[in-house]
Amino acid sequence: MEKINNRHLTALIALLAFLTVYTYILRYREPEPAGMPRLEIIPEKINGYRSSSFEVSPDALRVLGSDTTLARVYSRDSVDLEFFLGFFRQQQKNSQIHSPRHCYPGSGWDIIRENSVELRPEGKVIPARSMLISDGEAKRFVIYWFSVNGNFITNEFDLKWQQLKFSMLGRPQAAAFIRFSVILAGGREQQLR
């Protein structure tokens, strides 16, 4: 019995020593950050919607901490569809993707309803989240998702897990947040369900 306990103790000490060295290496070794995305390839005109860029406030950009952003409004037939993309080359202190589930309520919007949805552009399947939110006066319909190294993610915990996994493997942790939103007027809420 004593031999078995000594073996277990030796294995435990070896495992702890390995993990200590590994975490020390991880702490001081940063993976090569991913390159910047080519945002200029995102079309300015889609299905008759013409876009115009808009400025994100310096305070919002500071809080967001992304490496680059693209913010546009696509307009057609008095419908303005807001598009936002924030790209993060790697996970850093004070530079994390902020979930709409936290940002909207922090900005005075209440979440009325949330759902999982699938978008199917050109035969691809992109899992996404939809939200109906209200500030007491206006309602807004929001669709968003995250992308980590080409993987589409809708869950904030999965986002953190993917970033942690890539960090531990010493791989780039490039991540993006993509959001579309539209202010609803009259019966348009029914059309967007």
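This is a predicted model: local features need pLDDT of at least 70, side-chain atom pairs count only at pLDDT 80 or more; totals for chains, interfaces and linings use all residues.
Me: What makes aspartate 59 and arginine 62 a salt bridge?

Reply: The rule asks for a side-chain nitrogen of Lys or Arg within 4 Å of a carboxyl oxygen of Asp or Glu. Here the closest N and O atoms are 3.4 Å apart, so the pair qualifies. The two residues sit three apart in helix H2 (residues 58-64), about one helical turn from each other. Helices (H or I, at least four residues) and strands (E, at least two) are DSSP runs, numbered from the N terminus.

Me: How many salt bridges does this rule give?

Reply: The count is eight. One of them joins aspartate 77 and arginine 76 at 3.7 Å, N to O. Aspartate 77 is exposed at 64%, whereas arginine 76, at 33%, is partly exposed.

Me: Which parts does the salt bridge of arginine 179 and glutamate 82 tie together?

Reply: The closest N and O atoms of arginine 179 and glutamate 82 are 2.8 Å apart. Arginine 179 belongs to strand S9 (residues 175-184) and glutamate 82 to strand S4 (residues 79-88), so the pair links parts 97 residues apart in sequence. Arginine 179 is buried, with 14% relative accessibility. Shared partners also join Glu82, Arg140 and Arg179 into one salt-bridge network.

Me: Why is arginine 140 called buried?

Reply: Its relative accessible area is 12%, and buried means under 20%, so it meets the cut-off. Arginine 140 lies in strand S7 (residues 139-148).

Me: How do you know that arginine 140 and serine 181 make a polar contact?

Reply: Their side chains come to 2.8 Å. A polar contact is a pair of N or O atoms within 3.5 Å; within protein, one must be able to donate a hydrogen and the other to accept it, and residues adjacent in sequence count only if both atoms are side-chain atoms.

Me: What makes S6 and S7 a pair of strands?

Reply: Two strands pair if DSSP finds at least two bridges between them. S6 and S7 have six, running antiparallel, so they pass. Isoleucine 133 stands opposite arginine 140 in S7. Between these strands is a hairpin with four residues, where glycine 136 has a positive phi near 100 degrees. Strand S5 (residues 110-119) is joined to S6 by nine bridges, also antiparallel, and isoleucine 111 faces isoleucine 133 there.

Me: Why is strand S6 said to be largely enclosed?

Reply: Eight of the nine residues of S6 (residues 126-134) are buried, so the rest of the structure largely encloses this strand.

Me: What makes tyrosine 74 and phenylalanine 83 an edge-to-face pair?

Reply: The whole structure has eight aromatic pairs. In this one, the ring centres are 6.4 Å apart and the planes are at 75 degrees. Tyrosine 74 is buried at 4%, and phenylalanine 83 is buried at 5%. Ring pairs link Tyr74, Phe83, Trp145 and Phe180 into a cluster.

Me: Which residues have the most contacts inside the largest nonpolar core?

Reply: They are Ile42, Leu70, Phe83, Leu85, Trp145 and Ile178, in a core of 20 residues. A nonpolar core is a set of buried Ala, Val, Leu, Ile, Met, Phe, Trp, Tyr and Cys residues joined through side-chain atoms within 4.5 Å. Strands S3 (68-76), S4, S6, S7 and S9 each supply at least two of its residues. Another core, of 19 residues, lies apart from it and has Ile97, Trp109, Phe166 and Phe177 among its members.

Key
Residues are numbered from 1 along each chain as its sequence is written. Side-chain values use heavy atoms; hydrogens and water are left out. Buried means under 20% relative accessible area, exposed over 50%, partly exposed in between (1.4 Å probe, protein chains only). Rings of Phe, Tyr and Trp (its six-membered ring) pair if their centres lie within 6.5 Å; planes under 30 degrees apart count as stacked, over 60 as edge-to-face and the rest as tilted.
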